[in-house]
Amino acid sequence: MNFSTALPTFVITLREGVEAALVVGIVLALLKKAKQSRLNPWVYAGVGVGIALSALIGVLFSWVIQVLGTINPQYTSVVEPLMEAVFSVLAIIMLSWMLIWMTKQARFMKAQVEGAVTEALKDNNNAGWGVFSLILIAVVREGFETVLFIAANFQQGLIPALGAIGGIALAAAIGVLLFKWGVKINIRQFFQVMGVLLVLIVGGLVISALHNFDEAAANYALSNRASESLCFYYERFTKIHSCILGPMVWNTANILPEEKFPGILLKALFGYREHLYVVQAVGYVVFLLTVGGLYFRSIMGGYAQDSKNISAGQKPISPAKE
């Protein structure tokens, strides 16, 4: 069994899970401060339902993939890589948005959650539902991104799901350490390290998505003579070629094969390919320059803002503190 495929989902659910755990911890702390601990069961219910709903979304995605693959068995070899590619694109968009937007919003997390809880407590009759909805949305948002990532790698079986469960478990443990036992963890540094890993993981997903599009196009061209022209690039005298990705940039099969360690680990985490083509290389570099550049600028912007606050005599906002 290839347990290396569990690492990307582990990193994603750990990062997302800690963010959700922070929201849960802040809500519990605020309820305790407001002497409304009677609403704690609504918080736990929101967590449970959110996880169950995320798992259900994952099952539905798997079902849709299977149905599409069996509608016309002749095109199964086309549908499967095409669906992987589509889910990869969705995962790239969602995870990129989370990296950039949530990094900018992280400094205001405590204030935003506190405002939402205060509004919920104003309505005594529906306070429980308000708290439940807040937690449910936080958990499902993080879970949906993970489900998309797993769906993009559905051929790898249950191993990515095991990685996701491990990440959730560790995130829950970190939440307990922070809010139950008062252990101090540098949350900012944690998110920054996870963010850098995610930039590289999602960059690898760009390479994988393009590979799947190429595979789907090649299989469709082979199954339908009328579509042979779909492969605009094809080296007839080379065994290893692409359909729509252009000429090969490198061939490291003899030096660092992707099916053996450490190549298999690099492939699972960062999308390493022993055969890399021009379009993949360009896509990867463009992703790092755009999304990666925006992410690092958002980090530096956070540092600049905190330095400004400290100079003005204000403490930087830490989402892990009450």
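Which helix does Gly-204 lie in? The points below start there.

1. Basis of the note. This is a predicted model, in which local features need pLDDT of at least 70 and side-chain atom pairs count only at pLDDT 80 or more, while totals for chains, interfaces and linings use all residues. Residues are numbered from 1 along each chain as its sequence is written, and side-chain values use heavy atoms, with hydrogens and water left out.

2. Gly-204. The answer to the opening question is helix 7, residues 187-223. Helices here are DSSP runs of H or I with at least four residues, strands are runs of E with at least two, and both are numbered from the N terminus. Gly-204 is buried, at a relative accessible area of 1%. Buried stands for under 20% relative accessible area, exposed for over 50%, and partly exposed for what is in between (1.4 Å probe, protein chains only). Apart from neighbours within four places in sequence, Gly-204 is in contact with Phe-270, Gly-271 and Tyr-284; contact means heavy atoms within 4.5 Å.

3. Ser-54. This serine is in helix 2 and is buried, with 7% relative accessible area. The side chain of Ser-54 reaches the backbone oxygen of Gly-50 at 2.9 Å. Leaving out residues up to four places away in sequence, Ser-54 touches Val-139, Val-140, Gly-143, Phe-144 and Val-147.

4. The disulfide. How many disulfides does the structure hold? There is one, a disulfide being a pair of cysteine sulfur atoms within 2.5 Å. The partners are Cys-231 and Cys-243, and their sulfur atoms are 1.9 Å apart. The link is left-handed, with -100 degrees about the S-S bond. Both cysteines lie in the loop between helix 7 and strand 1, so the pair ties together parts that are twelve residues apart in sequence. Cys-231 counts as buried at 16% relative accessibility, and Cys-243 counts as buried at 2%.

5. Two backbone points. Most residues other than glycine have a negative phi, and most peptide bonds are trans. Lys-35 is not a glycine, yet has a positive phi of about 60 degrees. This lysine is found in the loop between helix 1 (6-33) and helix 2 (40-71). Is Lys-35 buried or exposed? At 75% relative accessibility, Lys-35 counts as exposed. The other point is a cis peptide bond between Phe-261 and Pro-262, with omega about 5 degrees. Pro-262 is placed in the loop between strand 1 (248-251) and helix 8 (263-270).

6. A nonpolar surface patch. Val-249, Trp-250, Val-278, Val-279, Val-282 and Val-286 make a nonpolar surface patch of about 450 Å². Strand 1 and helix 9 (278-311) are the elements that give two or more residues to this patch, and the largest share, four residues, comes from helix 9. Patch residues have over 30% relative accessible area and no salt bridge; like charges are joined within 9 Å, and nonpolar side chains (Val, Leu, Ile, Met, Phe, Trp, Tyr) within 5 Å. A salt bridge is a side-chain nitrogen of Lys or Arg within 4 Å of a carboxyl oxygen of Asp or Glu. Accessible areas come from the Shrake-Rupley method with a 1.4 Å probe, and for residues only the protein chains shown count as cover. One of the patch residues, Val-286, is in helix 9 and counts as partly exposed at 43% relative accessibility.

Terms used. Polar contact = N/O pair within 3.5 Å; in protein donor to acceptor, adjacent residues only side chain to side chain.
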